[in-house]
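Please look at the sequence and the model before reading each solution.

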Amino acid sequence: MRYLLLLPLLLSAFLTFAQSDNSATVLKQLDAQTDHYGDIAHQIWELAELGYKEEQSSLLLQAELKQAGFTIEAGVADIPTAFVASYGSGKPVIGLLAEYDALPGVSQAAVPEKKNREGSQAGHACGHHLFGTASAASAIALKEWLMSSGRSGTVRLYGTPAEEGGAGKVYMVRAGLFDDVDAVLNWHPSDKNGADASSTLANKSAKFRFYGIASHAAAAPQFGRSALDGVEAMNHMVNMMREHVPETTRIHYVITSGGEAPNVVPAFAEVFYYVRHPQMREVKNIFNRVVKAAEGAALGTGTTMDFEVIHGSFNLLPNETLTRVVHKHLETVGGVTYTAEEEAFAKKISATLPEAKQTDLSAAQEVQPFSAPEKPYSASTDVGDVSWAVPTTALRTATWVPGTSPHSWQAVAAGGTSIGTKGMMVAAKTMTLTGIEFFQNPELLAKAKAELDRRRGADFKYEALLGDRKPPLDYRD
Ligand SMILES: [Zn+2]
Ligand SMILES: [Zn+2]
């Protein structure tokens with residue numbers, strides 16, 4: 001009888017052991033797939049497909065997930081290259097984000113000097129080929145863990161196109177695809193390994209189009225109305241407005257059309273604006289004031305104006321509860337150690353960086369201490385909208401040589417080598433260990449949700465900054 005009473009205890013001890021053993025097995029399997037995933041990432045690197053045109057990259061990842069037993073729903077949120085891959089059933093639902101769009105104008109071979117890659121104008125200068133592949137690899141590893149542990153739960157991989165200016169995730173959030181998700185994991189390629197509870201800037205952009213009346217600029221200017229005047233008057237007003245907006249605002253513009261010839265009064269002109277601020281609500285306000293400036297400019301110059309919102313993304317809401325867990329597992333996994341060959345490559349890349357950016361290469365091995373900086377990164381991402389819908393966490397890993405900036409040829413180069421693959425596997429392993437803990441710990445997820453509720457405020461109701469516009473599927477034409 002006494003032994004019988006002991007049985008449940010022994011059983012639970014065995015299960016605990018089996019589970020921790022499971023995660024070690026799953027990690028080992030993941031490690032054994034390094035070459036395979038390195039190859040997938042390299043294929044996407046070579047494809048270097050631009051935002052909303054990532055047909056083959058998206059299909060490659062879908063095929064991997066399908067092969068592993070995931071159900072694929074493609075073309076979600078009216079975006080042909082977006083997809084959702086699911087495995088398992090019931091709660092919790094853990095989501096992973098996968099990006100795979102490249103950038104125009106940064107063609108680069110996988111060599112440590114600036115050299116165009118033949119036959120391509122684009123390049124993976126933000127490392128999204130690694131981003132997508134590591135997330136898919138981790139989703140598959142989490143599926144393996146779910147299977148072998150016999151736990152219930154759903155792992156869902158979101159294939160999210162056009163991060164670079166296309167705001168793909170915003171349309172997916174707007175379509176409600178994240179509504180039942182308990183936590184979202186993602187990562188980003190970097191020159192460092194770290195996980196911090198930091199934020200980004202909210203951002204809203206629009207093209208303001210002015211319509212005037214063409215006329216001979218010397219013989220009959222009195223009959224013309226200059227659309228370019230409209231643009232210049234608007235810019236002047238916005239530039240004065242800079243003094244009367246919160247200090248942390250960023251407003252930038254380019255004139256995308258300013259007329260054709262000086263002797264023709266321009267009948268059409270266009271200016272493309274970005275408005276950024278650490279708070280999404282401030283961006284809304286300031287953007288509306290920019291619209292007023294455009295209206296006033298049209299009125300004063302005798303032109304007419306309309307505008308098209310191009311994209312918009314919320315500031316990133318950090319989740320400290322979840323990110324501390326990511327950081328813990330990142331420390332377990334550790335950073336990137338170079339072989340002699342990789343070290344030689346890294347040294348050559350480092351020598352091409354601005355002197356202030358040439359740092360000790362051993363930084364690739366280190367994991368940065370956890371932090372929760374007050375100041376947001378001066379950049380924007382469409383992960384922002386996801387982070388207001390679901391507790392979201394991320395890490396970054398050293399897929400690039402220390403000192404490398406994103407969107408540089410040096411990032412494309414390292415991302416095309418085994419350095420990129422190693423950094424990617426650090427991310428895949430860390431997300432897998434974190435995901436396993438999410439599945440095992442419902443209290444943790446509840447705490448993360450409470451943190452999200454606190455950060456977004458009681459009156460929060462999601463309304464995309466980009467309004468009801470359709471995905472700009474042709475924005476890279
Ligand atoms: Zn980028
Ligand atoms: Zn990026």
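**Exercise 1.** Find out how far apart the closest N and O atoms of the salt bridge between arginine 156 and aspartate 180 are, and where the two residues lie.

*Solution.* In the salt bridge (a side-chain nitrogen of Lys or Arg within 4 Å of a carboxyl oxygen of Asp or Glu), the closest N and O atoms of arginine 156 and aspartate 180 are 2.8 Å apart. Arginine 156 sits in strand 6 (residues 153–159), while aspartate 180 belongs to the loop between helix 5 (168–174) and strand 7 (183–190), so that the pair, 24 residues apart, links distant parts of the chain; helices (H or I, at least four residues) and strands (E, at least two) are DSSP runs, numbered from the N terminus. With a relative accessible area of 12%, arginine 156 is buried, whereas aspartate 180, at 35%, is partly exposed (buried is under 20% relative accessible area, exposed over 50%, partly exposed in between, with a 1.4 Å probe and protein chains only).

This is a predicted model, in which local features need pLDDT of at least 70 and side-chain atom pairs count only at pLDDT 80 or more, while totals for chains, interfaces and linings use all residues. Residues are numbered from 1 along each chain as its sequence is written, chains are lettered from A and ligands numbered from 1 in the order in which they are written, and side-chain values use heavy atoms, with hydrogens and water left out.

**Exercise 2.** Work out what separates arginine 456 and aspartate 453 in helix 13.

*Solution.* These two residues form a salt bridge with closest N and O atoms 3.2 Å apart. Because arginine 456 and aspartate 453 are 3 residues apart in helix 13, about one helical turn separates them. Arginine 456 is buried at 15% relative accessibility, and aspartate 453 is partly exposed at 33%.
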